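User: I'm new to this one. Please walk me through it in plain words.

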Amino acid sequence: MVYVTLAGAIISEILATTSMKYSEGFSRLWPSLGTVLGYVVAFVLLAKTLKTMDVGTAYAIWSGAGTAVVAAIGMVFLGEAASAARIVGVLLVIAGVVVLNLGGATH
């Protein structure tokens, strides 16, 4: 169940960050509210996750997965450059999360 809660935190963070892109510096109401709500939900779910999961593992998964997915959204849907260096960078983030998980996740 802890991974379901963490997945919810990751999805909320991804939606919040994507909404922030569309908020145009918090000058548009609905994307701005989506950003705030998404981050509140993300942090509440992350806090619940930390009750039973090591902080290093949880944060690595949360931030790594969020970073990788938001970078992919930028490249696929928002017209950001999909250079080889960026793709390798995303793969390295994912590899780092995997290594941290293999190295001692206790829950």
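Analyst: One term before we start: a residue is buried under 20% relative accessible area, exposed over 50% and partly exposed in between, using a 1.4 Å probe and protein chains only. This is a predicted model, where local features need pLDDT of at least 70 and side-chain atom pairs count only at pLDDT 80 or more, while totals for chains, interfaces and linings use all residues. Residues are numbered from 1 along each chain as its sequence is written, and side-chain values use heavy atoms, with hydrogens and water left out.

User: Which elements does the chain run through, from the N terminus on?

Analyst: Helices (H or I, at least four residues) and strands (E, at least two) are DSSP runs numbered from the N terminus. By that count there are four helices and zero strands. Reading from the N terminus, that gives α-α-α-α.

User: What box do the C-alpha atoms of the chain fill, and what share of the residues is buried?

Analyst: Taken along the principal axes, the C-alpha atoms fill a box of roughly 40 × 35 × 15 Å. The chain has 107 residues, and the buried share of them is 33%.

User: Among contacts between residues at least 6 apart in sequence, what share joins residues at least 24 apart?

Analyst: A contact here means heavy atoms within 4.5 Å. Take the contacts between residues at least 6 apart in sequence: the share that joins residues at least 24 apart is 64%.

User: What does Ile 61 touch, leaving aside residues up to four places away in sequence?

Analyst: Ile 61 is one of the residues with the most contacts inside the core. Not counting residues up to four places away, Ile 61 touches Tyr 3, Leu 6, Ile 10, Gly 66, Val 97 and Asn 101.

User: Is Thr 5 buried or exposed, and how far is its C-alpha atom from that of Leu 46?

Analyst: Thr 5 sits in helix α1, and it counts as buried because its relative accessibility is 19%. It touches Leu 45, Lys 48 and Thr 49, with residues up to four places away not counted. Thr 5 and Leu 46 are 41 residues apart along the chain, yet their C-alpha atoms are separated by 7.4 Å.

User: Is Ser 23 buried or exposed?

Analyst: Ser 23 lies in the loop between α1 and α2. Residues up to four places away aside, it touches Arg 28, Pro 31 and Ser 32. Its relative accessible area is 0%, so Ser 23 is buried.

User: How many aromatic pairs does the structure hold, and which residues do ring pairs link into a cluster?

Analyst: Rings of Phe, Tyr and Trp (its six-membered ring) pair if their centres lie within 6.5 Å; planes under 30 degrees apart count as stacked, over 60 as edge-to-face and the rest as tilted. The structure holds two such pairs; in one, Phe 43 and Trp 62 are tilted, with 5.5 Å centre to centre and 55° between the planes. Phe 43 is in helix α2 and Trp 62 in helix α3, so this pair ties together parts 19 residues apart in sequence. Tyr 59 and Trp 62 make a tilted pair too, with 5.5 Å centre to centre and 45° between the planes, and the ring pairs link into a cluster Phe 43, Tyr 59 and Trp 62.

User: How far apart are the closest N and O atoms of the salt bridge between Glu 80 and Arg 86?

Analyst: A salt bridge is a side-chain nitrogen of Lys or Arg within 4 Å of a carboxyl oxygen of Asp or Glu, and a search of the whole structure finds one. Glu 80 is partly exposed at 31% relative accessibility, and Arg 86 is partly exposed at 33%. Between Glu 80 and Arg 86, the closest N and O atoms are apart by 3.2 Å.

Technical notes:
A nonpolar core is a set of buried Ala, Val, Leu, Ile, Met, Phe, Trp, Tyr and Cys residues joined through side-chain atoms within 4.5 Å.
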